[in-house]
Amino acid sequence: MLNLILERLRQGYRTMRWPRGKPPALSPRFRGMPRIEAARCTAGCRECIAACPTGALAAAPAAGDANAQGPLWDLGKCLFCTDCTEACPGGAIGFSRDWRLAAFRREELVLGAAAGQPAAAPEDCRQGTRRRFRRSFAIRQVSAGGCNACEADCNVLTTLAWDLSRFGIHFVASPRHADALLVTGPVTRNMRLALEKTWQAVPSPKLLIASGACAISGGPYAGFPESGDGVGGLLPVDLYVPGCPPHPLTLLDGLLRLLGRLP
């Protein structure tokens, strides 16, 4: 027992300081907000569009040359793989270190060549959410056919290093005790009814968070009736958190912005 106490004292304060301090160190392999250098994008190439496994890239509608400004990029469909970067002959495509990807409207996830980070929540939405959930925010997580990657990164937020509860945010076992549902997975045929009943059990006012490409758009198996095309066509979504899976920092940033804790 004494050894445990001494080891804990040696480790010191382990919870990260963000958002009041620096964010945690990101892996060198981390892929954040995608970037397209329009000057290096070859007009009419479309190699990246053909290489994308989920159709996240599409030709941008523009006067004259449709590809002059680079393709449109749908973060809701993006798996953050490197198929597009490897296919691009001009090396115009890359991923930044920016983790701020969450958005409050589905259309905000569609980015152009010169797009920046998604817009902040409307002020009336932020103030209303802040009034309702300013002291605590309880989340019931529902895995609607996910592969467990998004679910695992949700669990990371409850560890000592992240300590989600310091913000008054915590996961609960019953939807009747929840303020929001956090849905992962594409909402498979076998999970659809269960999700609908879980949503009905959450007392109003309530919010819904779609976390991961599968929950937003169906992921790599979108279009198949057995797997589903995400939660958006079934229930109203208040926060979209893209990624495959979303980094815990991306999810935490989205939650704090949803609650009006961040600008």
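Tutor: A residue is called buried when its relative accessible area is under 20%, exposed when it is over 50%, and partly exposed in between, using a 1.4 Å probe and protein chains only. By that rule, 45% of the 263 residues of the chain are buried. The model is predicted, with local features requiring pLDDT of at least 70 and side-chain atom pairs pLDDT 80 or more, while totals for chains, interfaces and linings use all residues. Residues are numbered from 1 along each chain as its sequence is written, and side-chain values use heavy atoms, without hydrogens or water.

On a 1 Å grid over the protein atoms alone, a cavity is a set of points where a 1.4 Å probe fits but cannot get out; a pocket is an open set with protein on both sides within 12 Å along at least five of seven lines; lining residues have an atom within 4 Å of a point. Volume is the space filled by probe spheres set on the points, which are joined across faces, edges and corners. The whole structure has three cavities of 30 Å³ or more.

The largest cavity holds about 120 Å³. Its lining has 17 residues, and those nearest the centre are Cys41, Thr42, Cys45, Arg46 and Cys48. Helix H2 (residues 47-51) gives the largest share of that lining, three residues. Helices (H or I, at least four residues) and strands (E, at least two) are DSSP runs numbered from the N terminus. By class, the lining of the largest cavity has 10 nonpolar, four polar and three charged residues. Here Ala, Val, Leu, Ile, Met, Phe, Trp, Tyr, Cys and Pro count as nonpolar, Asp, Glu, Lys and Arg as charged, and the others, Gly among them, as polar.

Arg46 sits in the loop between strand E1 (34-36) and H2. Arg46 is partly exposed because its relative accessibility is 45%. The phi of Arg46 is positive, near 65 degrees. Most residues other than glycine have a negative phi, and most peptide bonds are trans.

The second largest cavity has a volume of about 80 Å³. Among the residues that line it are Cys52, Pro53, Trp73, Cys78, Phe80 and Phe95. This second lining comprises 11 nonpolar residues, one polar residue and no charged ones.

The largest pocket has a volume of about 370 Å³. Of its 20 lining residues, Arg29, Phe30, Arg31, Pro245 and His247 lie nearest the centre. The lining of the largest pocket splits into 13 nonpolar, four polar and three charged residues. Pro245 is in the loop between strand E10 (239-241) and helix H8, and the peptide bond from Cys244 to Pro245 is cis, with omega near -5 degrees.

As for the rest, the chain has eight helices and 10 strands. The C-alpha trace spans about 65 × 45 × 35 Å along its principal axes. Contact means heavy atoms within 4.5 Å. Of the contacts with a separation of 6 or more, 75% are between residues 24 or more positions apart. Ile169, in strand E7, touches Phe137, Ile139, Leu164, Leu255, Leu256 and Leu259, not counting residues up to four places away in sequence. Ile169 is buried, because its relative accessible area is 1%.
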